[in-house]
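Here's a quick briefing to go with the model. Have a look at the fold first, then read on.

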Amino acid sequence: MLSSLRRQINLKDLFPTRWSFVIFISYMGLFINQGLLVTGSKTSTHSYNYNTIVVVLLTEFVKFITAVTIYRQTHSFSQMKKEIVDNQRVLILYFIPSALYCLYNNLAFINLSSYDPTTYFLLLQFRVVVTGIIFQFLFNKRLTRLQWLSLFLLASGCIIKQFEHSSLSSSSSIKISNINSTLSRLNQHIISTKHHSLVNIHLIWILVQVFCSCFAGVYNEYLLKSDRTTQVDTMLQNSFMYINSIICNLILLIYFDYQQPTLSSIDKFFNTLNLILSGKQYLILLIIINNAAVGIVTSLFLKSMTSILKTFASALELLFTSILAWIFFNIPVSIYTFTAIFIVSTAVYLYSINPVVNLPKTTTTNVLTNSSIHINNDDMNSKKLNIGNEQERRLIV
(Lines give C-alpha, C1' and ligand atoms only; values in the text may rest on other atoms or scores of the structure.)
Protein backbone atom coordinates (compact mmCIF):
# COMPACT_ATOMS: atom_id res chain seq x y z
CA MET A 1 0.00 0.00 0.00
CA LEU A 2 2.70 2.48 1.06
CA SER A 3 4.92 1.56 -1.88
CA SER A 4 1.94 2.16 -4.17
CA LEU A 5 1.44 5.60 -2.65
CA ARG A 6 5.12 6.44 -3.09
CA ARG A 7 4.92 5.50 -6.76
CA GLN A 8 1.86 7.73 -7.15
CA ILE A 9 3.66 10.86 -5.89
CA ASN A 10 6.95 10.41 -7.79
CA LEU A 11 7.75 13.86 -9.17
CA LYS A 12 9.28 12.48 -12.34
CA ASP A 13 6.07 10.63 -13.07
CA LEU A 14 3.98 13.71 -12.30
CA PHE A 15 5.98 16.05 -14.56
CA PRO A 16 7.52 13.92 -17.32
CA THR A 17 8.38 16.83 -19.68
CA ARG A 18 9.67 20.37 -19.32
CA TRP A 19 6.24 21.75 -20.26
CA SER A 20 4.31 19.53 -17.88
CA PHE A 21 4.47 21.94 -14.97
CA VAL A 22 3.37 24.85 -17.17
CA ILE A 23 0.43 22.81 -18.47
CA PHE A 24 -0.45 21.76 -14.93
CA ILE A 25 -0.52 25.37 -13.66
CA SER A 26 -2.53 26.50 -16.70
CA TYR A 27 -5.00 23.63 -16.29
CA MET A 28 -5.56 24.37 -12.62
CA GLY A 29 -5.64 28.15 -13.10
CA LEU A 30 -8.24 28.04 -15.87
CA PHE A 31 -10.63 25.91 -13.81
CA ILE A 32 -10.22 28.22 -10.82
CA ASN A 33 -10.87 31.21 -13.09
CA GLN A 34 -14.04 29.57 -14.36
CA GLY A 35 -15.80 29.90 -11.00
CA LEU A 36 -14.25 33.23 -10.03
CA LEU A 37 -15.06 34.98 -13.31
CA VAL A 38 -18.71 33.90 -13.30
CA THR A 39 -19.02 34.92 -9.64
CA GLY A 40 -17.41 38.27 -10.40
CA SER A 41 -19.89 38.92 -13.21
CA LYS A 42 -22.90 38.61 -10.87
CA THR A 43 -24.84 41.66 -9.75
CA SER A 44 -25.59 42.58 -6.13
CA THR A 45 -28.84 40.60 -6.39
CA HIS A 46 -26.95 37.43 -7.41
CA SER A 47 -28.21 37.61 -10.98
CA TYR A 48 -26.55 38.43 -14.30
CA ASN A 49 -27.10 41.48 -16.50
CA TYR A 50 -26.27 39.48 -19.61
CA ASN A 51 -27.88 36.47 -21.22
CA THR A 52 -26.06 33.38 -19.96
CA ILE A 53 -27.31 31.12 -22.76
CA VAL A 54 -25.82 33.49 -25.32
CA VAL A 55 -22.49 33.34 -23.46
CA VAL A 56 -22.52 29.53 -23.55
CA LEU A 57 -23.48 29.67 -27.24
CA LEU A 58 -20.57 32.00 -28.05
CA THR A 59 -18.20 29.80 -26.06
CA GLU A 60 -19.22 26.73 -28.06
CA PHE A 61 -18.76 28.69 -31.28
CA VAL A 62 -15.20 29.64 -30.27
CA LYS A 63 -14.48 25.98 -29.43
CA PHE A 64 -15.88 24.89 -32.79
CA ILE A 65 -13.72 27.37 -34.72
CA THR A 66 -10.67 26.29 -32.71
CA ALA A 67 -11.28 22.57 -33.31
CA VAL A 68 -11.82 23.06 -37.05
CA THR A 69 -8.69 25.23 -37.30
CA ILE A 70 -6.57 22.57 -35.58
CA TYR A 71 -8.10 19.84 -37.74
CA ARG A 72 -7.36 21.79 -40.92
CA GLN A 73 -3.66 21.92 -40.01
CA THR A 74 -3.35 18.26 -41.02
CA HIS A 75 -6.33 17.78 -43.33
CA SER A 76 -7.44 19.48 -46.54
CA PHE A 77 -10.92 20.86 -47.06
CA SER A 78 -11.79 17.97 -49.39
CA GLN A 79 -10.66 15.47 -46.73
CA MET A 80 -12.78 17.20 -44.13
CA LYS A 81 -15.81 17.18 -46.41
CA LYS A 82 -15.33 13.47 -47.18
CA GLU A 83 -14.97 12.54 -43.48
CA ILE A 84 -18.07 14.51 -42.56
CA VAL A 85 -20.11 12.75 -45.27
CA ASP A 86 -18.72 9.35 -44.28
CA ASN A 87 -19.41 9.90 -40.59
CA GLN A 88 -22.84 11.51 -40.61
CA ARG A 89 -24.09 8.86 -38.18
CA VAL A 90 -21.34 9.79 -35.70
CA LEU A 91 -22.43 13.42 -35.98
CA ILE A 92 -25.98 12.39 -35.05
CA LEU A 93 -24.80 10.16 -32.19
CA TYR A 94 -22.98 13.09 -30.61
CA PHE A 95 -26.24 15.00 -30.29
CA ILE A 96 -27.17 13.21 -27.04
CA PRO A 97 -24.01 14.07 -25.05
CA SER A 98 -24.07 17.55 -26.59
CA ALA A 99 -27.59 18.11 -25.24
CA LEU A 100 -26.52 16.92 -21.78
CA TYR A 101 -23.44 19.13 -21.82
CA CYS A 102 -25.54 22.05 -23.02
CA LEU A 103 -27.72 21.65 -19.93
CA TYR A 104 -24.63 21.18 -17.75
CA ASN A 105 -22.95 24.38 -18.94
CA ASN A 106 -26.09 26.46 -18.53
CA LEU A 107 -26.75 25.02 -15.07
CA ALA A 108 -23.26 26.19 -14.08
CA PHE A 109 -24.52 29.79 -14.21
CA ILE A 110 -27.61 28.93 -12.17
CA ASN A 111 -25.63 27.16 -9.49
CA LEU A 112 -22.90 29.79 -9.28
CA SER A 113 -25.65 32.36 -8.70
CA SER A 114 -26.72 30.35 -5.63
CA TYR A 115 -23.40 29.01 -4.33
CA ASP A 116 -19.97 30.53 -3.81
CA PRO A 117 -17.22 29.10 -6.08
CA THR A 118 -15.71 26.87 -3.36
CA THR A 119 -19.04 25.25 -2.46
CA TYR A 120 -19.91 24.84 -6.14
CA PHE A 121 -16.71 23.00 -7.06
CA LEU A 122 -16.83 20.95 -3.88
CA LEU A 123 -20.38 19.73 -4.50
CA LEU A 124 -19.52 18.90 -8.10
CA GLN A 125 -17.07 16.30 -6.77
CA PHE A 126 -20.18 14.26 -5.95
CA ARG A 127 -20.03 13.10 -9.57
CA VAL A 128 -17.31 10.66 -8.48
CA VAL A 129 -19.90 8.96 -6.25
CA VAL A 130 -22.48 8.84 -9.03
CA THR A 131 -19.93 7.53 -11.55
CA GLY A 132 -18.89 4.76 -9.13
CA ILE A 133 -22.49 3.67 -8.61
CA ILE A 134 -23.20 3.75 -12.35
CA PHE A 135 -20.24 1.48 -13.03
CA GLN A 136 -21.28 -0.82 -10.16
CA PHE A 137 -24.74 -1.47 -11.61
CA LEU A 138 -24.47 -0.84 -15.36
CA PHE A 139 -21.07 -2.37 -16.03
CA ASN A 140 -21.02 -4.99 -13.23
CA LYS A 141 -17.82 -3.54 -11.79
CA ARG A 142 -17.56 -4.74 -8.19
CA LEU A 143 -16.25 -1.91 -6.00
CA THR A 144 -13.49 -2.64 -3.51
CA ARG A 145 -13.61 -1.59 0.13
CA LEU A 146 -11.19 1.25 -0.57
CA GLN A 147 -13.41 2.51 -3.37
CA TRP A 148 -16.53 2.38 -1.21
CA LEU A 149 -14.63 4.16 1.59
CA SER A 150 -13.55 6.93 -0.77
CA LEU A 151 -17.09 7.35 -2.10
CA PHE A 152 -18.48 7.46 1.44
CA LEU A 153 -15.92 10.09 2.49
CA LEU A 154 -16.63 12.18 -0.59
CA ALA A 155 -20.38 12.08 0.00
CA SER A 156 -19.80 13.01 3.66
CA GLY A 157 -17.68 16.02 2.67
CA CYS A 158 -20.37 17.25 0.27
CA ILE A 159 -23.07 16.81 2.93
CA ILE A 160 -21.01 18.78 5.48
CA LYS A 161 -20.64 21.71 3.10
CA GLN A 162 -24.30 21.57 2.04
CA PHE A 163 -25.31 21.51 5.71
CA GLU A 164 -23.42 24.76 6.26
CA HIS A 165 -25.04 26.33 3.19
CA SER A 166 -28.49 25.28 4.38
CA SER A 167 -27.88 26.53 7.92
CA LEU A 168 -26.78 29.94 6.71
CA SER A 169 -29.69 30.23 4.30
CA SER A 170 -32.33 29.20 6.82
CA SER A 171 -31.85 32.34 8.89
CA SER A 172 -33.54 34.51 6.28
CA SER A 173 -36.10 34.22 3.50
CA ILE A 174 -34.89 33.22 0.12
CA LYS A 175 -34.83 36.08 -2.32
CA ILE A 176 -35.65 34.87 -5.78
CA SER A 177 -34.17 37.27 -8.27
CA ASN A 178 -34.39 37.01 -12.01
CA ILE A 179 -31.73 34.29 -12.24
CA ASN A 180 -30.37 34.27 -15.72
CA SER A 181 -31.13 30.73 -16.69
CA THR A 182 -33.57 28.62 -18.61
CA LEU A 183 -34.95 27.17 -15.36
CA SER A 184 -35.34 30.42 -13.38
CA ARG A 185 -39.12 30.59 -13.87
CA LEU A 186 -39.44 27.10 -12.41
CA ASN A 187 -37.37 28.21 -9.42
CA GLN A 188 -39.75 31.08 -8.73
CA HIS A 189 -42.73 28.72 -8.51
CA ILE A 190 -40.97 26.15 -6.36
CA ILE A 191 -39.28 28.37 -3.76
CA SER A 192 -41.49 30.86 -1.94
CA THR A 193 -40.70 30.10 1.69
CA LYS A 194 -37.74 29.88 3.98
CA HIS A 195 -34.82 27.63 3.23
CA HIS A 196 -34.86 25.15 6.15
CA SER A 197 -34.08 21.85 4.47
CA LEU A 198 -30.77 20.20 3.75
CA VAL A 199 -32.19 19.19 0.37
CA ASN A 200 -33.40 22.26 -1.53
CA ILE A 201 -33.87 23.44 -5.08
CA HIS A 202 -30.29 24.66 -5.35
CA LEU A 203 -28.93 21.26 -4.37
CA ILE A 204 -31.34 19.65 -6.84
CA TRP A 205 -29.89 21.74 -9.68
CA ILE A 206 -26.38 20.72 -8.57
CA LEU A 207 -27.44 17.06 -8.68
CA VAL A 208 -29.00 17.53 -12.12
CA GLN A 209 -25.71 19.05 -13.28
CA VAL A 210 -23.80 16.12 -11.77
CA PHE A 211 -26.04 13.54 -13.43
CA CYS A 212 -25.74 15.33 -16.79
CA SER A 213 -21.96 15.07 -16.49
CA CYS A 214 -22.02 11.41 -15.46
CA PHE A 215 -24.53 10.14 -18.02
CA ALA A 216 -22.89 12.13 -20.80
CA GLY A 217 -19.58 10.60 -19.74
CA VAL A 218 -21.01 7.08 -19.90
CA TYR A 219 -22.46 7.77 -23.34
CA ASN A 220 -19.15 9.27 -24.44
CA GLU A 221 -17.46 6.08 -23.31
CA TYR A 222 -19.77 4.14 -25.57
CA LEU A 223 -18.87 6.40 -28.48
CA LEU A 224 -15.14 6.28 -27.76
CA LYS A 225 -15.21 2.47 -27.77
CA SER A 226 -17.55 2.16 -30.73
CA ASP A 227 -16.19 0.89 -34.04
CA ARG A 228 -17.87 3.86 -35.70
CA THR A 229 -15.58 6.40 -34.02
CA THR A 230 -12.20 4.66 -33.78
CA GLN A 231 -11.13 5.88 -37.22
CA VAL A 232 -12.53 9.42 -36.84
CA ASP A 233 -10.03 12.17 -36.08
CA THR A 234 -10.26 13.50 -32.52
CA MET A 235 -10.66 17.13 -33.54
CA LEU A 236 -13.38 16.21 -36.01
CA GLN A 237 -15.22 14.40 -33.22
CA ASN A 238 -14.84 17.51 -31.07
CA SER A 239 -16.22 19.57 -33.95
CA PHE A 240 -19.24 17.27 -34.11
CA MET A 241 -19.73 17.78 -30.38
CA TYR A 242 -19.52 21.56 -30.63
CA ILE A 243 -21.79 21.98 -33.65
CA ASN A 244 -24.44 19.89 -31.91
CA SER A 245 -24.00 21.93 -28.76
CA ILE A 246 -24.47 25.14 -30.76
CA ILE A 247 -27.76 23.76 -32.11
CA CYS A 248 -28.90 22.75 -28.60
CA ASN A 249 -28.11 26.20 -27.19
CA LEU A 250 -29.97 27.87 -30.06
CA ILE A 251 -33.04 25.73 -29.29
CA LEU A 252 -32.68 26.64 -25.61
CA LEU A 253 -32.38 30.34 -26.43
CA ILE A 254 -35.34 30.44 -28.84
CA TYR A 255 -37.88 28.25 -27.06
CA PHE A 256 -36.97 27.94 -23.38
CA ASP A 257 -35.26 31.15 -22.31
CA TYR A 258 -37.17 33.35 -19.85
CA GLN A 259 -34.38 35.74 -18.84
CA GLN A 260 -35.64 38.66 -20.91
CA PRO A 261 -39.20 37.70 -21.91
CA THR A 262 -39.91 40.99 -23.70
CA LEU A 263 -36.98 40.59 -26.11
CA SER A 264 -36.65 38.35 -29.13
CA SER A 265 -33.85 35.80 -29.34
CA ILE A 266 -32.01 37.98 -31.87
CA ASP A 267 -32.22 40.98 -29.53
CA LYS A 268 -30.93 38.89 -26.62
CA PHE A 269 -28.00 37.73 -28.73
CA PHE A 270 -27.01 41.18 -29.96
CA ASN A 271 -27.55 42.84 -26.57
CA THR A 272 -25.06 40.46 -24.98
CA LEU A 273 -22.73 40.79 -27.97
CA ASN A 274 -22.87 44.59 -27.70
CA LEU A 275 -21.99 44.38 -24.00
CA ILE A 276 -18.89 42.40 -24.95
CA LEU A 277 -17.82 44.62 -27.86
CA SER A 278 -18.45 47.86 -25.96
CA GLY A 279 -16.12 46.76 -23.16
CA LYS A 280 -18.76 47.46 -20.49
CA GLN A 281 -18.72 43.81 -19.44
CA TYR A 282 -15.15 42.68 -20.08
CA LEU A 283 -15.69 39.74 -17.73
CA ILE A 284 -18.08 38.19 -20.27
CA LEU A 285 -15.31 38.07 -22.86
CA LEU A 286 -12.91 36.64 -20.29
CA ILE A 287 -15.45 33.92 -19.40
CA ILE A 288 -15.78 32.92 -23.07
CA ILE A 289 -12.02 32.91 -23.69
CA ASN A 290 -11.28 31.09 -20.43
CA ASN A 291 -13.85 28.33 -21.02
CA ALA A 292 -12.65 27.83 -24.59
CA ALA A 293 -9.00 27.70 -23.44
CA VAL A 294 -9.92 25.07 -20.83
CA GLY A 295 -10.62 22.60 -23.63
CA ILE A 296 -7.25 23.02 -25.31
CA VAL A 297 -5.27 22.83 -22.07
CA THR A 298 -7.30 19.83 -20.88
CA SER A 299 -6.39 17.93 -24.05
CA LEU A 300 -2.69 18.71 -23.49
CA PHE A 301 -3.00 17.79 -19.82
CA LEU A 302 -4.55 14.38 -20.41
CA LYS A 303 -2.15 13.68 -23.27
CA SER A 304 1.15 14.52 -21.57
CA MET A 305 0.69 13.75 -17.87
CA THR A 306 -0.50 11.00 -15.58
CA SER A 307 -4.05 11.12 -14.34
CA ILE A 308 -3.02 11.15 -10.67
CA LEU A 309 -1.91 14.73 -11.31
CA LYS A 310 -5.51 15.59 -12.16
CA THR A 311 -6.42 14.39 -8.65
CA PHE A 312 -3.89 16.73 -7.07
CA ALA A 313 -5.18 19.53 -9.31
CA SER A 314 -8.76 18.96 -8.11
CA ALA A 315 -7.68 19.22 -4.47
CA LEU A 316 -5.58 22.34 -5.13
CA GLU A 317 -8.45 23.89 -7.10
CA LEU A 318 -10.67 23.66 -4.02
CA LEU A 319 -7.96 25.10 -1.77
CA PHE A 320 -6.97 28.03 -4.00
CA THR A 321 -10.57 28.79 -4.97
CA SER A 322 -11.52 29.16 -1.30
CA ILE A 323 -8.52 31.46 -0.68
CA LEU A 324 -9.11 33.61 -3.77
CA ALA A 325 -12.87 33.81 -3.11
CA TRP A 326 -12.03 35.12 0.36
CA ILE A 327 -9.59 37.71 -1.09
CA PHE A 328 -11.73 38.96 -3.99
CA PHE A 329 -15.29 38.44 -2.74
CA ASN A 330 -14.82 38.43 1.03
CA ILE A 331 -16.31 34.91 1.26
CA PRO A 332 -15.15 33.50 4.61
CA VAL A 333 -13.40 30.14 4.88
CA SER A 334 -15.33 28.48 7.68
CA ILE A 335 -14.49 25.35 9.63
CA TYR A 336 -17.16 23.57 7.55
CA THR A 337 -15.36 24.59 4.36
CA PHE A 338 -11.93 23.56 5.64
CA THR A 339 -13.22 20.20 6.90
CA ALA A 340 -15.14 19.49 3.69
CA ILE A 341 -12.14 20.33 1.48
CA PHE A 342 -9.90 18.06 3.52
CA ILE A 343 -12.35 15.14 3.45
CA VAL A 344 -13.17 15.49 -0.25
CA SER A 345 -9.49 15.84 -1.24
CA THR A 346 -8.63 12.72 0.75
CA ALA A 347 -11.53 10.82 -0.80
CA VAL A 348 -10.62 11.81 -4.35
CA TYR A 349 -7.02 10.76 -3.77
CA LEU A 350 -8.00 7.37 -2.33
CA TYR A 351 -10.37 6.85 -5.25
CA SER A 352 -7.65 7.73 -7.78
CA ILE A 353 -5.35 5.01 -6.44
CA ASN A 354 -7.77 2.34 -7.62
CA PRO A 355 -10.36 4.02 -9.88
CA VAL A 356 -13.48 2.42 -11.31
CA VAL A 357 -13.12 2.39 -15.09
CA ASN A 358 -14.43 0.31 -17.95
CA LEU A 359 -11.45 -0.28 -20.21
CA PRO A 360 -11.81 -0.64 -23.99
CA LYS A 361 -11.53 -4.12 -25.36
CA THR A 362 -9.17 -3.01 -28.09
CA THR A 363 -6.46 -0.39 -28.28
CA THR A 364 -7.06 2.50 -30.65
CA THR A 365 -4.94 5.36 -31.87
CA ASN A 366 -7.34 7.99 -30.60
CA VAL A 367 -5.24 10.58 -28.77
CA LEU A 368 -7.80 11.27 -26.11
CA THR A 369 -7.82 7.68 -24.89
CA ASN A 370 -4.10 8.00 -24.10
CA SER A 371 -3.65 4.35 -25.07
CA SER A 372 -0.18 2.90 -25.35
CA ILE A 373 1.19 -0.45 -26.46
CA HIS A 374 3.87 -0.36 -23.78
CA ILE A 375 2.30 0.07 -20.33
CA ASN A 376 4.17 -1.29 -17.34
CA ASN A 377 2.59 -2.43 -14.11
CA ASP A 378 3.65 0.64 -12.13
CA ASP A 379 1.66 3.15 -14.16
CA MET A 380 -1.25 0.90 -15.18
CA ASN A 381 -3.69 2.51 -12.71
CA SER A 382 -2.75 5.99 -13.88
CA LYS A 383 -3.35 5.03 -17.49
CA LYS A 384 -6.75 3.59 -16.61
CA LEU A 385 -7.84 6.74 -14.82
CA ASN A 386 -6.73 8.90 -17.74
CA ILE A 387 -9.53 7.33 -19.81
CA GLY A 388 -12.05 7.97 -17.09
CA ASN A 389 -10.94 11.57 -16.63
CA GLU A 390 -11.22 12.22 -20.36
CA GLN A 391 -14.86 11.19 -20.26
CA GLU A 392 -15.46 13.36 -17.18
CA ARG A 393 -13.87 16.44 -18.70
CA ARG A 394 -15.05 15.91 -22.29
CA LEU A 395 -17.79 18.49 -21.80
CA ILE A 396 -15.23 21.26 -21.63
CA VAL A 397 -12.82 20.03 -24.26
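Start with Asn-330, which sits in the loop between helix H16 (308–329) and helix H17 (335–353); helices here are DSSP runs of H or I with at least four residues, strands are E runs of at least two, and both are numbered from the N terminus. This is a predicted model, where local features need pLDDT of at least 70 and side-chain atom pairs count only at pLDDT 80 or more, while totals for chains, interfaces and linings use all residues. Residues are numbered from 1 along each chain as its sequence is written, and side-chain values use heavy atoms, with hydrogens and water left out.

**Loop residues with positive phi**
- Asn-330 isn't a glycine, yet its phi is positive, near 60°.
- Asn-330 counts as exposed at 62% relative accessibility (exposed is over 50%, buried under 20%, partly exposed in between, with a 1.4 Å probe and protein chains only).
- His-46, also not a glycine, has a positive phi of about 60°, and its place is the loop between helix H3 (20–40) and H4.
- His-46 is partly exposed, at 44% relative accessibility.
- For background, most residues other than glycine have a negative phi.

**The chain overall**
- The protein chain comes to 18 helices and zero strands.
- Of its 397 residues, 53% are buried.
- Among contacts (heavy atoms within 4.5 Å) with a separation of 6 or more, 85% are between residues 24 or more positions apart.

**H4 against H5**
- Helix H4 (residues 52–72) packs on helix H5 (residues 77–86) at about 115°, with the axes 10 Å apart; axes are lines fitted to C-alpha atoms over the stretch in contact, and angles run from 0 to 180 degrees between N-to-C directions.
- On the H4 side you'll find Val-68, Tyr-71 and Arg-72, meeting Phe-77, Gln-79, Met-80 and Glu-83 in H5.

**Annotated spans**
- An unreviewed UniProt entry places "transmembrane region" features at several spans, including 50–71 and 240–258; such annotations may be inferred rather than shown by experiment.
- Residues 50–71 are 91% helix and 0% strand, with end C-alpha atoms 32 Å apart.
- Residues 240–258 are 84% helix and 0% strand, with end C-alpha atoms 28 Å apart.

**Cysteines**
- Searching the whole structure turns up zero disulfides (pairs of cysteine sulfur atoms within 2.5 Å).
- Cys-212 is buried at 6% relative accessible area, and Cys-248 is buried at 7% relative accessibility.
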